[in-house]
Amino acid sequence: MKKSHLFVLAIIAVAAAIILSTTADASVYVGFGEARQRAAEGNTTKVHVVGKLLRDGQKRPIDLEYDPMKDPNYFAFTLVDSLHVAQRVIYNSPKPQDFDASEQVVITGNMRGKVFMADKILLKCPSKYVKKDLDGATASAK
């Protein structure tokens with residue numbers, strides 16, 4: 001074989017390894033019902049769940065459990081997915097900053113028993129750009 005053929009084969013092998021490693025870690029977006037079903041079937045792959053926090057009448061989140069003096073790496077909360085299914089979530093890391101102000105929460109993990117064990121939490125916080133602030137901000141041309 002020529003050196004150029006070996007070089008091309010090496011490039012193809014590296015590309016295939018990269019593709020396989022990224023697809024092996026890929027997860028899908030599901031609701032809590034499907035996450036429970038996957039766990040019951042023995043499927044332990046990670047999934048993404050999008051949801052909102054339970055809130056009281058003053059729009060404050062409720063059912064949060066976090067005591068950094070007792071255990072800084074234990075944070076539990078209830079999340080309601082897009083199909084309106086509520087689920088208890090446990091995150092074995094500190095509570096994310098601005099968690100209380102988030103509009104939407106995306107968690108990655110899987111069901112273990114009756115709780116969802118989250119590995120990652122992504123927050124969608126309210127925009128700092130409010131329409132009323134933008135209406136008054138016009139550029140003046142001279």
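What share of the contacts in the chain with a separation of 6 or more comes from residues 24 or more positions apart? The share is 51%. The model discussed here is predicted, and the values below are computed from it.

## Overall layout

The chain has 142 residues, and buried residues make up 25% of them. Its secondary structure consists of 3 helices and 7 strands.

The accessible surface of the chain amounts to about 10200 Å². Carbon and sulfur atoms account for 59% of that area.

## Nonpolar core

The largest nonpolar core contains 18 residues. Within this core, the residues that touch the most other members are F77, L79, V89, I107, F116 and I121. At least two residues of the core are supplied by each of α2, β2, β4 (75-81), β5, β6 (104-112) and β7.

V89 illustrates the contacts of one of these residues. With residues up to four places away in sequence not counted, V89 touches F32, F75, A76, F77, L79, I107, F116 and A118.

L53 is located in strand β2, which covers residues 47-53. Is L53 buried or exposed? L53 has a relative accessible area of 9%, and because buried means under 20%, this residue counts as buried.

Apart from neighbours within four places in sequence, L53 is in contact with P61, F77, T78, L79, F99, S102 and V105.

## Aromatic pairs

The whole structure contains 5 aromatic pairs. One of them joins F32 and F116, with ring centres 5.8 Å apart and planes at 75°, so the arrangement is edge-to-face. This pair links distant parts of the chain: F32 belongs to helix α2 and F116 to strand β7 (residues 115-124), 84 residues apart. F32 is buried at 0% relative accessibility, and F116 is likewise buried at 0%.

Y66 and F75 also form an edge-to-face pair, because their planes stand at 85°, with the ring centres 5.9 Å apart. Y66 is partly exposed, at 30% relative accessibility, whereas F75 is buried, with a relative accessible area of 0%. Y66 and F75 belong to one aromatic cluster together with F77 and F99.

## Salt bridges

How many salt bridges does the structure hold? There are 6. One of them connects E65 and R88, with N and O 3.0 Å apart. The E65–R88 pair links distant parts of the chain, since E65 is in strand β3 (residues 65-66) and R88 is in strand β5 (residues 86-91), 23 residues apart. E65 is partly exposed, with a relative accessible area of 39%. A network of salt bridges links D63, E65 and R88.

Another salt bridge lies within a helix. E34 pairs with R38, and their closest N and O atoms are 3.5 Å apart. Because E34 and R38 are 4 residues apart in helix α2 (residues 32-40), about one helical turn separates them. E34 is partly exposed, at a relative accessible area of 37%. The side chains of D100 and K95 form a further salt bridge, at 3.1 Å from N to O. Both partners are partly exposed: D100 has 34% relative accessibility and K95 has 26%.

## Nonpolar surface patch

L6, F7, V8, L9, I11 and I12 make a nonpolar surface patch of about 590 Å². One of its members, L6, lies in helix α1, which runs over residues 3-24. L6 counts as partly exposed, with 47% relative accessibility.

Conventions. Residues are numbered from 1 along each chain as its sequence is written. This is a predicted model: local features need pLDDT of at least 70, side-chain atom pairs count only at pLDDT 80 or more; totals for chains, interfaces and linings use all residues. Side-chain values use heavy atoms; hydrogens and water are left out. A salt bridge is a side-chain nitrogen of Lys or Arg within 4 Å of a carboxyl oxygen of Asp or Glu. Buried means under 20% relative accessible area, exposed over 50%, partly exposed in between (1.4 Å probe, protein chains only). Patches are made of residues with over 30% relative accessible area and no salt bridge: like charges are joined within 9 Å, nonpolar side chains (Val, Leu, Ile, Met, Phe, Trp, Tyr) within 5 Å. Accessible areas come from the Shrake-Rupley method with a 1.4 Å probe; for residues, only the protein chains shown count as cover. Contact means heavy atoms within 4.5 Å. Rings of Phe, Tyr and Trp (its six-membered ring) pair if their centres lie within 6.5 Å; planes under 30 degrees apart count as stacked, over 60 as edge-to-face and the rest as tilted. A nonpolar core is a set of buried Ala, Val, Leu, Ile, Met, Phe, Trp, Tyr and Cys residues joined through side-chain atoms within 4.5 Å.
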